[in-house]
Amino acid sequence: MEIKVVPLAKEELKPKYESEENLGFGQIFTDRMLVSHYHEGWSDPIIQKYEPLVLDPAAICLQYGQSIFEGQKAYLSRSGSINLFRPNKNVERFKASAARMVMPSIDDNIYFEGLKELLRLEKDWIPSSIGSSLYIRPTMLGIDGRLGVQPSKKFLFYIILSPSGSFFPEGFKPVKIYVSDFWIRAAPGGTGFAKTGGNYGASLLVGEEATKKGCDQVLWLDAIHKKYVEEVGAMNIFFIIDDVIYTAPLQSGTILAGVTRESLIYMAKDLGYKVNEEALSIERIINCIKNKTLTECFGSGTAASIAPVGALTYKTEEYVIDNFEIGPISQTLYDKLIGIQYGLISDPYNWIVTIN
Ligand SMILES: Cc1ncc(COP(=O)(O)O)c(C=O)c1O
């Protein structure tokens, strides 16, 4: 495989952001993107100027949602190298999403070698402060221009990069979560485990409801009983009750298998905590908040890393968790995760892939 790099003229380069403080999340993009096309096989990737796509208005991705994506980050380590966190997990999940959406499996070389080369070229865009990073968005679209619900034969794979600060404007501070007791995200047999656009499109309405109620994200309950807690809009969720860490199991196929989730479970067990992958009912959670046996709650995801949850709004009530403070287990796991990602502490699990 050859990676073709289209040179950019000086005037084609964008002005860099002025300060890392107000980057926000996913708002600006770097100068270049990686592109590869599929038709009976993948074309050699090209790294070219970041620019709008030209798509047939009847493209299957636009009409019927045949689209998948990933979310991962490049961190600038203290030694100046580029750190990726368990990137093989993202490729694995991208392939699982592709299989669910009848899309071709990405070639590992295009994804990995292409991403590495793109990152080398765009290294100057990686913010250096802790909590900031270069968000990576690999995407695949079915691009045949044809009406009628059927899978595309031609696909576009691309990777774009976005220098980003904290996912939540408040940073590492407790957020408020709205429990959706009517609308659902994913049902067994659906596409919940895949990172496909439709899952997120379907969540927009409830996201608006949550915002109106002063909440930052939605907590989804299971589709059948509307009883068991599954995950948050862009995060998996953990509860600590009587010093045991709980998170929803993945077997139902309705929850995204978060890379952060899996890493935190591993780290927590390694630190000696008991972790139960168990479906908890919302009633039990509310009762445990009331009787103060539920001491901590946090969301986990690449974008937010760990987001402590300070309150849950369920039906008409707001239930405050641990006086809206950051609990010790959340803080310990956050420090360890961030420490590994930014190369501040050693990486005992060999999770970091360094690009020089
Ligand atoms: C629905 C959903 N759940 C969980 C996660 C967390 O996954 P990860 O830790 O791999 O970022 C995400 C983020 O991508 C998500 O969109």
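In this predicted model, the largest pocket has a volume of about 780 Å³. A total of 38 residues line this pocket, and those closest to its centre are Phe-167, Tyr-200, Gln-217, Gly-233 and Ala-234. Several helices and strands take part in the lining. Those that give two or more residues to it are strand E7 (133-142), strand E8 (154-164), helix H5 (204-212), strand E10 (217-221), E11, E12, H6 and E15. Helix H5 provides the largest share, with four residues. Sorted by class, the lining of the largest pocket comprises 17 nonpolar, 14 polar and seven charged residues.

The next point to look at is the ligand. The largest pocket is where the ligand sits. Strand E11 (229-232), strand E12 (235-241), helix H6 (259-270) and strand E15 (294-301) are the elements that each give two or more residues to the shell around the ligand. This shell is made up of 17 residues, the closest being Lys-195, Tyr-200, Glu-231, Thr-260 and Thr-302. Of the residues in the shell, six are nonpolar, seven are polar and four are charged.

In Tyr-200, a polar side-chain atom lies 2.6 Å from an oxygen atom of the ligand. For Thr-302, the distance between an N or O atom of the side chain and an oxygen atom of the ligand is likewise 2.6 Å. Arg-93 places a polar side-chain atom 2.7 Å from an oxygen atom of the ligand. How much of the ligand does the protein bury? Taken alone, the ligand exposes 390 Å², and 97% of that is buried by the protein.

The structure holds three cavities of 30 Å³ or more, and the largest cavity has a volume of about 90 Å³. Its lining consists of 13 residues, with Tyr-75, Phe-85, Thr-260, Thr-302 and Gln-341 nearest the centre. Two or more residues of this lining come from each of strand E5 (72-76), H6 and helix H8 (328-341), and E5 gives the most, with three residues. By class, the lining of the largest cavity has four nonpolar residues, eight polar ones and one charged.

Terms used
Residues numbered from 1 in each chain as written. Predicted model: local features only at pLDDT ≥ 70, side-chain atom pairs only at ≥ 80, totals over all residues. Heavy atoms only, no water. Near = heavy atom within 4 Å. Polar contact = N/O pair within 3.5 Å; in protein donor to acceptor, adjacent residues only side chain to side chain. Areas by Shrake-Rupley, 256 points an atom, 1.4 Å probe, with all protein chains shown as cover. 1 Å grid on protein atoms, 1.4 Å probe; cavity = no way out; pocket = protein on both sides within 12 Å on 5 of 7 lines; lining within 4 Å. Sits in = over half its atoms within 2 Å of the grid points. Nonpolar A, V, L, I, M, F, W, Y, C, P; charged D, E, K, R; others polar. Points joined across faces, edges and corners; volume = space filled by probe spheres on them.
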